[in-house]
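Colleague: Before I use these contact assignments, could you take me through the criteria behind them?

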Amino acid sequence: MRLNIKNMVCPRCIVAVRTLLLSEGLTPGEVTLGMADIKEELGAEQQERLSKSLEEMGFELLDDPRSMLVEQMRLAVIEWVRMDGERPKMSDYLCERLRRDYSSLSKLFREVQGLTLERYAIVHRIEYAKELLCYNRLSTSEIAYKLGYSSPAHFSAQFKQVTGMTPKMMRGRCSGHRLSLSDI
């Protein structure tokens with residue numbers, strides 16, 4: 001049985017969900033971001049208990065096809081933002097990855113999440129930029145190109161628009177200014 005789970009955004013989430021499934025007496029197969037396969041079929045009571053346990057850990061068991069697709073979009077955007085090297089246009093990446101046309105994906109995402117896919121991607125890029133700035137290993141220009149911006153100036157302008165401060169200012173005030181990926 002395949003479970004679709006919202007708010008799984010990192011390798012620690014995979015470990016946490018796998019551990020939870022085992023503690024519930026279930027036999028997990030593959031567990032990846034947003035999804036876990038289990039060998040058992042769940043009854044209504046067992047599914048409700050699992051759902052409650054997941055919610056206590058900050059996750060959500062999804063059973064609505066629209067919500068599942070939106071979660072797939074969220075995870076695909078996170079992967080796109082964190083790609084190394086040359087990246088395709090986000091719209092092309094999502095269409096290929098999800099096998100749907102971009103206009104229908106974009107419309108559904110806005111209906112369910114209340115913001116556009118583009119805005120969601122910008123917020124994730126900025127959060128990743130904050131992380132990279134705090135590591136203090138890359139220059140602002142290197143971060144701009146790593147995140148796929150056309151220029152450091154474009155990156156800095158968008159960073160300031162979203163955060164209210166320049167990348168240089170952020171580098172000096174790193175602690176406490178980042179959002180959890182699941183809160184975006």
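Predicted model: local features only at pLDDT ≥ 70, side-chain atom pairs only at ≥ 80, totals over all residues.

Modeller: Residues are numbered from 1 along each chain as its sequence is written, and side-chain values use heavy atoms, with hydrogens and water left out.

Colleague: Why is the contact of Asp37 with Arg2 called a salt bridge?

Modeller: The term requires a side-chain nitrogen of Lys or Arg within 4 Å of a carboxyl oxygen of Asp or Glu; the closest N and O atoms of Asp37 and Arg2 are 2.9 Å apart, so the pair qualifies. It links distant parts of the chain, with Asp37 in strand S3 and Arg2 in strand S1, 35 residues apart; strands here are DSSP runs (E, at least two residues) and helices likewise (H or I, at least four), numbered from the N terminus.

Colleague: What makes Arg125 a charge over the ring of Tyr149?

Modeller: A charge sits over a ring if NZ of Lys or CZ of Arg is within 6 Å of the ring centre and within 35 degrees of the ring normal. The charged end of Arg125 is 4.0 Å from the centre of the Tyr149 ring, and Arg87 lies over the face of Trp80 at 5.1 Å from the ring centre, so both distances fall within the 6 Å limit.

Colleague: Which element gives the most to the negative patch?

Modeller: Helix H2 (residues 44-56) does, with three residues, whereas Glu60, one of the patch members, is found in strand S4.

Technical notes:
Patch = residues over 30% accessible without salt bridge, like charges linked within 9 Å, V, L, I, M, F, W, Y side chains within 5 Å. Areas by Shrake-Rupley, 256 points an atom, 1.4 Å probe, with all protein chains shown as cover. Lys, Arg positive; Asp, Glu negative; His and termini not counted. Charge placed at Lys NZ, Arg CZ, Asp CG, Glu CD.
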